[in-house]
Amino acid sequence: ENGQTYNLAIIGFGGMGSYHGELIDEVERIRVTGVYDLVDYRMQLAETRGYKTYESLNAVLSDETVDIVVIATPNDIHKELSIQALRAGKHVVCEKPVTINSSDLLDIMKVSEEEGRIFMVHQNRRWDEDFLIIKDIFEKRKVGEVFHLESRVQGANGIPGDWRQLKAYGGGMLLDWGVHLLDQLLLLTDSKIESVAASLSSILGTEVDDGFTSHIRFKNGLTALIEVGTTNYIKLPRWYVKGLEGTVVIVDWDLSGEIVKNNPDVSKIEPVPIQAGRGLTKTMAPPSEESTLRLPLDRVGDSGQDFYSNVVAVIEGVTEPAVKNEEVYRVLVLIETIFEAAETNSVIHKEL
Ligand code: NAD
């Protein structure tokens, strides 16, 4: 069994389906046997990339050489396709958001268990280096105890003009990008959530949210502001994190940013009032240069291939899944709570 190569079929060959093909090219133990997409043009594209195409979903599921199926279709049919593939005895890797509500995920998990086949969600942004840098700062207490963080992605292009604009397909930015940022958030602390407030944005007149803002408070006192926008011509930093001893900023995907923290070797220097607008302020004066340290961000390295190597190891029973379904479930419940908070314009107090 050791060293076996696994055969994988991709269902849904759009932007992400073809990206899975590229990811798997880098993985020694998995090879793509073929692709299935509903749309002819996508099938032709797959052929020009050198893939075999299957004439139907059934042809994929009844191909006994296929060990793993990747579901990279719009969100509304992840559940149905995942369950069919599991029932056909395949291991399944499914794109995010795994389902459009939490109870659908429980249904899939039940089938996965019954069939003894693994089901893993591609929460690839757990390996984003910006996130890993922030996680490292949390864990090593590089700015002391973190008490507040802000995590944002912002664009100015609106919602892409496809199924992402439509409710029936599980569109909207909370499900699309929110699921990544919230998944990352929940990996930063062991604490339970105690309350959630949120508002959805609908500037563009689509039937789904074109962004959202959510305030999440954890039982240990940590507060988080999670924000996604598609109408931001100027964007705010990707990460802004405050600890008792300093502040971190990561500006963008290029990982520009810094840590500014108190210098433990210099006793506190009283700030000098500055002119600010038509007034003077000591409160808002910058900390003195001598009393602060400006540190570069420590790079932690990019480990982009971890997902599929982990899939192989999980299939072989030698390790735990890097993305656990229980964790994904908690994120979906949080998303439902954000929708509820936004719709009722209230703070939802519940342990989560
Ligand atoms: P897309 O529209 O580019 O591609 C979807 C493809 O699925 C299309 O080619 C469509 O024809 C095909 N399809 C639809 N119904 C099908 C069916 N029943 N059977 C077979 N094929 C079917 O969308 P996309 O951007 O590639 O997104 C696909 C999925 O990947 C979504 O769930 C999305 O959220 C996810 N995604 C994840 C990331 C990430 O970073 N993890 C990034 C982008 C998209």
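Helices (H or I, at least four residues) and strands (E, at least two) are DSSP runs, numbered from the N terminus. The structure is a predicted model, in which local features need pLDDT of at least 70 and side-chain atom pairs count only at pLDDT 80 or more, while totals for chains, interfaces and linings use all residues. Residues are numbered from 1 along each chain as its sequence is written, and side-chain values use heavy atoms, with hydrogens and water left out.

The protein chain is divided into domain 1 (6-122) and domain 2 (126-255 + 297-303 + 333-349), with bounds taken from an automatic or database domain assignment. A distance of 28 Å separates the C-alpha centres of domain 1 and domain 2. Contact, defined as heavy atoms within 4.5 Å, links 9 residues of domain 1 with 10 residues of domain 2.

The ligand is surrounded by 26 residues, of which the closest are Met16, Asp37, Asn75, Lys96 and Asn124; a residue is counted here if one of its heavy atoms lies within 4 Å of the molecule. Polar contacts are pairs of N or O atoms within 3.5 Å; within protein, one atom must be able to donate a hydrogen and the other to accept it, and residues adjacent in sequence count only if both atoms are side-chain atoms. An N or O atom in the side chain of Asn75 is 2.6 Å from an oxygen atom of the ligand. A backbone N or O atom of Gly15 lies 3.0 Å from a ligand oxygen atom, and a polar backbone atom of Leu38 is 3.3 Å from a ligand nitrogen atom. Taken alone, the ligand exposes 840 Å², and the protein buries 85% of that, with areas from the Shrake-Rupley method with a 1.4 Å probe; for residues, only the protein chains shown count as cover.

Helix 5 (residues 102-115) has 14 residues and should span 20 Å at 1.5 Å a residue, which agrees with the 20 Å between its end C-alpha atoms; the expected span is 1.5 Å times one less than the number of residues. Residues are classed as buried under 20% relative accessible area, exposed over 50%, and partly exposed in between (1.4 Å probe, protein chains only). The buried residues of helix 5 are Ser102, Asp104, Leu105, Ile108, Met109, Val111 and Ser112, and they pack against helix 4 (78-87), strand 5 (119-121) and helix 9 (325-344). Asp104 counts as buried because its relative accessibility is 16%; beyond four places in sequence, Asp104 touches Lys79 and Thr99. Just after helix 5, Gly116 takes a positive phi of about 65°.

Helix 9 has 20 residues and reaches 29 Å from first to last C-alpha, close to the 28 Å expected. Its buried residues include Val328, Leu332, Ile335 and Ala342. The elements packed against the buried residues of helix 9 include helix 5, helix 7 (173-186) and strand 8 (211-218).

Glu227 is found in strand 9 (residues 223-229) and counts as buried at 16% relative accessibility. Its side chain makes a polar contact with the side chain of Thr213 (3.0 Å). Lys242, in strand 10 (residues 239-243), counts as partly exposed at 28%. Leaving aside neighbours within four places in sequence, Lys242 is in contact with Glu145, Val146, Phe147, His148 and Thr247. Lys242 and Tyr41 are 201 residues apart in sequence and 49 Å apart in space, C-alpha to C-alpha.
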